[in-house]
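Hi,

Here is the structure I promised to pass on.

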Amino acid sequence: LKTPLTVIMANNDILLSHPEKTVGEQEKWLESTQQEAEYMSSLINKMLELARTDSLLDKIQLEDVNISEVVEKAVLQLEPVAFESGVIIQGDITRDVVLESNSTEFYKLTQILIDNAVKYAQKNSIVMVSLTKAKKDVTLSINNKGDAIPAEQLEHIFDRFYRTDDARTKGGFGLGLSIEIY
């Protein structure tokens, strides 16, 4: 929160130091302030979602959920994002896999994982989303062709605000994988 706030304050100082200039002449500072405010708003919303998730952990209602439908919905929702990134999402989703879960929270988790796979995939590559069931075991697998996370950093990927150094250039806040979904 400090960085966007610092930029907003600096932009306002610049605007206030030139009261003789028109809004048009100072447009770049206003646009920059708007962008930083939107970034800050998005970060705050993610933090509120994280706090909400923490407070609801004991209250989440589990029920039998057709997670095949949930995964298909997440894939469908993210196909335009993938297209814009030059990536294709392919699904190999076993039909009618039912699991005791919370459909809303499972959808969020699936969406976060697919979004990360798309975001860090090589251009013109495929993100493969697979859901399989063998006896009592259910496996959701999301794979992409992209740079692997270094082994020493893997243990931190679910830590709040954690981002690998390479990930810092992709946008986001490092909150996605830390949103604990049960």
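What does the accessible surface of the protein come to, and what share of it belongs to carbon and sulfur atoms? The surface is about 12000 Å², and carbon and sulfur atoms hold 53% of it (Shrake-Rupley method, 1.4 Å probe).

Before the rest, a word on the source. This is a predicted model, where local features need pLDDT of at least 70 and side-chain atom pairs count only at pLDDT 80 or more, while totals for chains, interfaces and linings use all residues. Residues are numbered from 1 along each chain as its sequence is written, and side-chain values use heavy atoms, with hydrogens and water left out.

On to the fold. There are 5 helices and 5 strands, running α-α-β-α-β-β-α-β-β-α from the N terminus (DSSP runs: H or I of at least four residues for helices, E of at least two for strands). Of the 182 residues, 30% are buried, meaning under 20% relative accessible area with a 1.4 Å probe, protein chains only.

Then the sheet: it is open, with 3 strands in the order β2-β4-β5 and mixed pairing (strands pair if DSSP finds at least two bridges between them). β2 (87-93) and β5 (137-143) are the edge strands, each pairing on one side only. β4 (residues 125-134) pairs with β5 in the antiparallel sense over 7 bridges, and Met128 has Asn143 in β5 as its bridge partner.

Helix α3 (residues 67-84) packs on this sheet and touches β2, β4 and β5 (contact is heavy atoms within 4.5 Å). Its direction makes about 170° with that of β2, with axes fitted to C-alpha atoms, for helices over the stretch in contact, and angles running from 0 to 180 degrees between N-to-C directions. Helix α4 (residues 103-119) lies across β2, β4 and β5, at about 35° to β5.

Cheers

Methods
Buried < 20%, exposed > 50% of the residue type's maximum accessible area, 1.4 Å probe, protein only.
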